[in-house]
Amino acid sequence: MYAVANVGKITPLDKEDDMVRYRMTIGSSGFVGTMNADGIPMVWQKSGYTVDRSITQLPMALVRLVSKIRFKVDMKALAGLRVTSIRLCNGAGAVTPFTMNGHGGSRITSQDESIDGDYASAADLDAINSGGQIFFYALENCQGTLLTGNTD
């Protein structure tokens with residue numbers, strides 16, 4: 001059994017192998033790097049489950065597909081600094097949600113899957129410049145084979 005939450009409408013797949021290999025991109029799934037109007041994208045899976053008609057509820061422990069990143073600047077060390085923009089760049093823009101023990105795999109497989117994601121709002125920038133902290137959400141950056149031309 002597989003469950004996907006907070007990613008907008010997706011078409012159900014017929015075969016389990018198709019579900020395991022299913023790849024969502026941020027653009028096609030309805031979520032945009034941070035929380036969308038539906039919430040944080042989450043998944044759940046359970047193998048070896050047999051449907052029992054007497055069970056009316058099935059508990060699910062959903063796991064979020066994005067990492068929560070705390071960002072804060074030590075303004076004491078940088079006197080006079082005023083932050084005017086913050087953005088997560090070159091992050092994963094696609095995820096295979098049912099790989100890696102159900103926690104999703106988001107290794108970039110092509111340059112097309114590299115995106116500029118979450119960014120600071122005006123209120124976020126005010127918080128940072130006042131010594132506060134803000135939070136970003138991003139797909140996990142699973143390390144893998146470097147893209148062509150990347151020698152770093």
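**Figure 1. The salt bridge between Arg21 and Asp18**. Count salt bridges as a side-chain nitrogen of Lys or Arg within 4 Å of a carboxyl oxygen of Asp or Glu, and this predicted model comes out with one. Here Arg21 pairs up with Asp18, and the closest N and O atoms sit 3.3 Å apart. Side chains of opposite charge can pair when their charged atoms come close. Both Arg21 and Asp18 belong to helix H1 (residues 16-21), where they are three residues apart, about one turn of the helix. Helices here are DSSP runs of H or I with at least four residues, strands are E runs of at least two, and numbering starts at the N terminus.

How exposed are the two partners, Arg21 and Asp18? Arg21 counts as exposed because its relative accessibility is 56%, while Asp18, at 30%, counts as partly exposed. The cut-offs are under 20% relative accessible area for buried, over 50% for exposed, and partly exposed in between (1.4 Å probe, protein chains only).

**Figure 2. An open sheet of three strands**. The strand order is S1-S3-S4, and the pairing is antiparallel. Strand S1 (2-5) and strand S4 (63-64) are the edges, each pairing on one side only. For two strands to pair, DSSP has to find at least two bridges between them. S1 and strand S3 (residues 42-45) have four bridges, running in the antiparallel sense. Look for Tyr2 and you'll find it opposite Gln45 in S3.

**Figure 3. Asn129 and its contacts**. Asn129 is part of helix H3 (residues 122-129). Is Asn129 buried or exposed? With 18% relative accessibility, Asn129 counts as buried. Leave out residues up to four places away in sequence, and Asn129 touches Met75, Leu81, Arg82 and Val83. A contact here means heavy atoms within 4.5 Å.

Figure 4. The protein has 152 residues, of which 32% count as buried. Take the contacts between residues at least 6 apart in sequence: 68% of them join residues at least 24 apart. The accessible surface (Shrake-Rupley method, 1.4 Å probe) comes to about 10,000 Å², with 50% belonging to carbon and sulfur atoms.

**Notes.** Residues are numbered from 1 along each chain as its sequence is written, and side-chain values use heavy atoms, with hydrogens and water left out. Because the model is predicted, local features need pLDDT of at least 70 and side-chain atom pairs count only at pLDDT 80 or more, whereas totals for chains, interfaces and linings use all residues.
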